[in-house]
Amino acid sequence: MRHVSIGIDPGADGAIAAVDVDGLLVLGVALARTWAVPATGESQADRMQADLAWVGVSAAMLGRIGLREGDSVRVTIEAPQLRPGQSGGASQGWRAGALAVAVLSGVRTVAGNMASVQVTTGASWTGAMGLHGAKADRGERKRGRVARVLELVPDARPMLVGPGCRVEHDGAADAILLALYGADLGVVR
C-alpha cells in the first residue's frame with residue numbers, strides 16, 4: 001500500500017498536490033484554475049455555486065495527479081485567513097470547504113477508502129516548514145517557497161511549472177509544501 005499525502009492550497013490561484021510519502025516523490029499537481037468550473041455570473045453567489053462543481057471533477061483531477069486505488073491518503077488543507085482590510089471571508093471559507101469536501105469525495109472514489117484530514121493555518125505550516133519572513137514581498141515569498149520545495153524534492157521542478165506557464169507557480173509550491181507538512185517531511189525542528 002502506498003502512502004500519499006495531498007496538500008490543498010484553496011485560494012483562487014491555489015493548487016492541489018499529491019506526494020508519495022515513502023518515495024518522497026511529487027506525483028502530481030493540479031492548478032485550481034485549470035479544474036475550476038467557471039461561474040455563470042459575477043456575484044459571490046454565482047462563484048459559490050460554481051465551487052459546488054468541484055465534486056464532479058475531483059475524481060478525474062486526483063487520478064490525473066497520481067492517486068490510485070488502494071492508496072492510504074492524508075489530506076492537509078490551509079484554512080483561509082482574512083487579513084485586515086480584506087473582504088470576502090465567507091466566500092474564501094466556502095471555497096476552501098467545497099474544495100476539501102470534493103477532494104475527500106474524490107479520494108473515496110479513486111482510492112476506495114477514506115482519508116485522514118488536517119486543517120492548518122498558514123502561519124503554522126509555513127513556520128514549521130522554515131518559511132519565515134511575513135514582511136517579505138510576494139515575489140520574495142514565492143521564490144523562497146519554490147526554493148524550499150526544490151531543496152526537499154529536487155525532482156519537483158516540472159510540477160511547479162503549470163501548463164502554459166514559463167515560471168514556477170507559487171500555489172503549486174504551497175500545495176506541495178502542505179502535502180510534505182502533512183506527512184511530517186521537511187518540518188524544521
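This is a predicted model: local features need pLDDT of at least 70, side-chain atom pairs count only at pLDDT 80 or more; totals for chains, interfaces and linings use all residues.
Reader: Why is Leu24 called partly exposed?

Author: Leu24 has a relative accessibility of 37%. Buried means under 20% relative accessible area and exposed over 50%, with partly exposed in between (1.4 Å probe, protein chains only), so Leu24 counts as partly exposed. Residues are numbered from 1 along each chain as its sequence is written, and side-chain values use heavy atoms, leaving out hydrogens and water.

Reader: And what makes the phi of Leu24 worth a remark?

Author: Leu24 isn't a glycine, yet its phi is positive, about 45°. Most residues other than glycine have a negative phi.

Reader: Why is Asp184 called partly exposed?

Author: Asp184 has a relative accessible area of 44%, so it goes down as partly exposed. Asp184 also has a positive phi, about 60°, without being a glycine.

Reader: Why are α6 and α8 called oblique?

Author: Helix α6 (residues 138-152) and α8 pack at about 45°, with axes 9 Å apart. Axes are lines fitted to C-alpha atoms, for helices over the stretch in contact, and angles run from 0 to 180 degrees between N-to-C directions. Under 35 degrees is roughly parallel, over 145 roughly antiparallel, 65 to 115 roughly perpendicular, and the rest oblique, so α6 and α8 are oblique to each other. Helices here are DSSP runs (H or I, at least four residues), numbered from the N terminus.

Technical notes: Helices (H or I, at least four residues) and strands (E, at least two) are DSSP runs, numbered from the N terminus.
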